[in-house]
Amino acid sequence: MVRVVRASQVDIDAAVQALRDGDLVAFPTETVYGLGANAQNPAAVRKIFEAKGRPENHPVIVHLDSPRYLHRWVREVPDTALKLGERFWPGPLTIVMPRAATVHDIVTGGQDTIAVRVPSHPMAQQLLTAFGGGIAAPSANRYGRLSPTRADHVRDELGDAARIILDGGECQIGLESTIVACEGTSVRLLRPGAVTASQLREALGDLLAGPDAQSPRVPGSTPSHYAPSTPMAIVPAGEIDAQAASLSREGRRIAVLAQRLPLKGHKYVTWINAGRRPEQYAQDLYANLRTLDKAGCRQILVQDVPRDERWDAVRDRLLRAASNVSDSDATGAMAVLP
Ligand code: TXA
Ligand code: MG
């Protein structure tokens, strides 16, 4: 049976034991919950793919408690990566670098690169330090679905696929980490997140580009991802009331994620006002979409968010969640640089 625990040392010890036994442990990070396995045990990492229903050629991030063991995973740490690690780790940044020869293919999806992150969540830190090695962990959700930001989301998504779910409360950031690829002197932004493009530029002195055809694959950046099951559409701010009213005619239930209250009451509309602050909006986004997804509605309408760098990561996830292009139709990496 799965156990959901607020970690004491005893719980951390049990989680470490589970990892050593080759089982899965779900744990909180400051971004979203991860589904972790011992990154040096390919059979254990394979269990992650089974639990998520994720294709095996999609690489997973290796989590470390600090950069001190980076050389075990990375062939050559580029100077740009050193700079970024110093500035943003521990924190919501993932760095893709050339892999070390000993890293298992199941972790890298057979690519020549590895993605590494040092999370700042105290419980993730506690677990990583006690384990003493790398933990391979994607977000703890079924493939293509909303990432979990609370322990009960993990249980709802994955049942007892994890032997232990460590409960660290609600994730503070709520969206997955920023991903950059460092190759030689070039740095590419592959997925926007809480660390913004300007912050990266500032740390690097302007060496930043978007993904190109040669960039490593980021399957999480295929058009349809982070999606609720209810069809979702993004609607200009001025049209949200009218569209909700018109779609809910004849008693069809409609769900709305807006940044203000409705102009008047709509009988068949479930309305969430997620507010105008990008950090709070991001933190609540997946929980709000889960709530709306469960409301038995025909469609979810999301009010378009401001065109401002602070909203880039939110806009990226909303566009993917609203996309009805399936993974198999997707071609290569998408440009994410604003
Ligand atoms: O915030 C996060 O990054 C969370 C927490 C748990 O750390 N993890 C997460 O993992 O979002 P996941 O697997 O759901 O998304 C990671 C993305 C995937 O799109 C994966 O394809 C990409 O990172 N990725 C992993 N290794 C890579 C590599 N070597 N090259 C390019 N992309 C890679
Ligand atoms: Mg994911």
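Predicted model: local features only at pLDDT ≥ 70, side-chain atom pairs only at ≥ 80, totals over all residues.
User: At what angle do helix H1 and helix H5 pack?
Analyst: Residues are numbered from 1 along each chain as its sequence is written, and chains are lettered from A and ligands numbered from 1 in the order in which they are written. Axes are lines fitted to C-alpha atoms, for helices over the stretch in contact, and angles run from 0 to 180 degrees between N-to-C directions. The axes of H1 (residues 9-20) and H5 (residues 122-131) are 9 Å apart, and the packing angle is about 55°.

User: What word describes how H1 and H5 lie to each other?
Analyst: Angles under 35 degrees count as roughly parallel, over 145 as roughly antiparallel, 65 to 115 as roughly perpendicular and the rest as oblique. With an angle of about 55°, H1 and H5 are therefore oblique.

User: Is the crossing of H1 and H5 left-handed or right-handed, and which residues of H5 does H1 meet?
Analyst: A crossing is left-handed if the near helix is turned anticlockwise from the far one by less than a right angle, and right-handed if clockwise. The crossing of H1 and H5 is right-handed. Contact means heavy atoms within 4.5 Å. From H1, Gln9, Ile12, Ala15, Val16, Leu19 and Arg20 meet these residues in H5: Met123, Gln126, Leu127, Ala130 and Phe131.

User: How many helices and strands does the protein have?
Analyst: Helices (H or I, at least four residues) and strands (E, at least two) are DSSP runs, numbered from the N terminus. For this protein the tally is 10 helices and 14 strands.

User: What percentage of the residues in the protein is buried?
Analyst: Buried means under 20% relative accessible area, exposed over 50%, and partly exposed in between (1.4 Å probe, protein chains only). Of the 338 residues in the protein, the buried share is 57%.

User: What span does helix H9 reach from its first C-alpha to its last?
Analyst: H9 covers residues 278-293, which is 16 residues.

User: Which helices do the buried residues of H9 pack against?
Analyst: The buried residues of H9 include Tyr281, Ala282, Leu285 and Tyr286. Their packing partners include strands S11 (232-235), S12 (254-258), S13 (269-273) and S14 (299-303). The helices among the partners are H6 (151-158) and H10 (312-322).

User: How do H9 and H10 run relative to each other?
Analyst: Tyr281, Ala282, Leu285 and Tyr286 in H9 meet Val314, Arg317 and Leu318 in H10, and the crossing is left-handed. The two helices pack at an angle of about 25°, with axes 10 Å apart. That makes H9 and H10 roughly parallel.

User: Which residues of H7 make the contact with H3?
Analyst: H3 (residues 79-88) and H7 (residues 197-204) pack at an angle of about 120°, with their axes 10 Å apart. That makes H3 oblique to H7, in a right-handed crossing. On the H3 side the contact is made by Thr80, Lys83, Leu84, Arg87 and Phe88, and on the H7 side by Gln199, Leu200, Ala203 and Leu204.

User: What is omega of the cis peptide bond that joins Trp89 and Pro90?
Analyst: Pro90 lies in the loop between H3 and strand S5 (93-98). The cis bond joins Pro90 to Trp89, with omega at about -5°.

User: What is phi of Glu250?
Analyst: Glu250 sits in the loop between helix H8 (240-247) and S12. Glu250 counts as exposed, at 74% relative accessibility. Its phi is positive in a residue other than glycine, with a value near 65°.

User: Which residues is Ile234 in contact with, leaving aside its neighbours within four places in sequence?
Analyst: Ile234 is in strand S11. With a relative accessible area of 28%, Ile234 is partly exposed. Leaving aside those neighbours, its contacts are Val302, Asp304, Leu318, Leu319 and Ala322.

Key:
Heavy atoms only, no water. Expected span 1.5 Å × (residues − 1).
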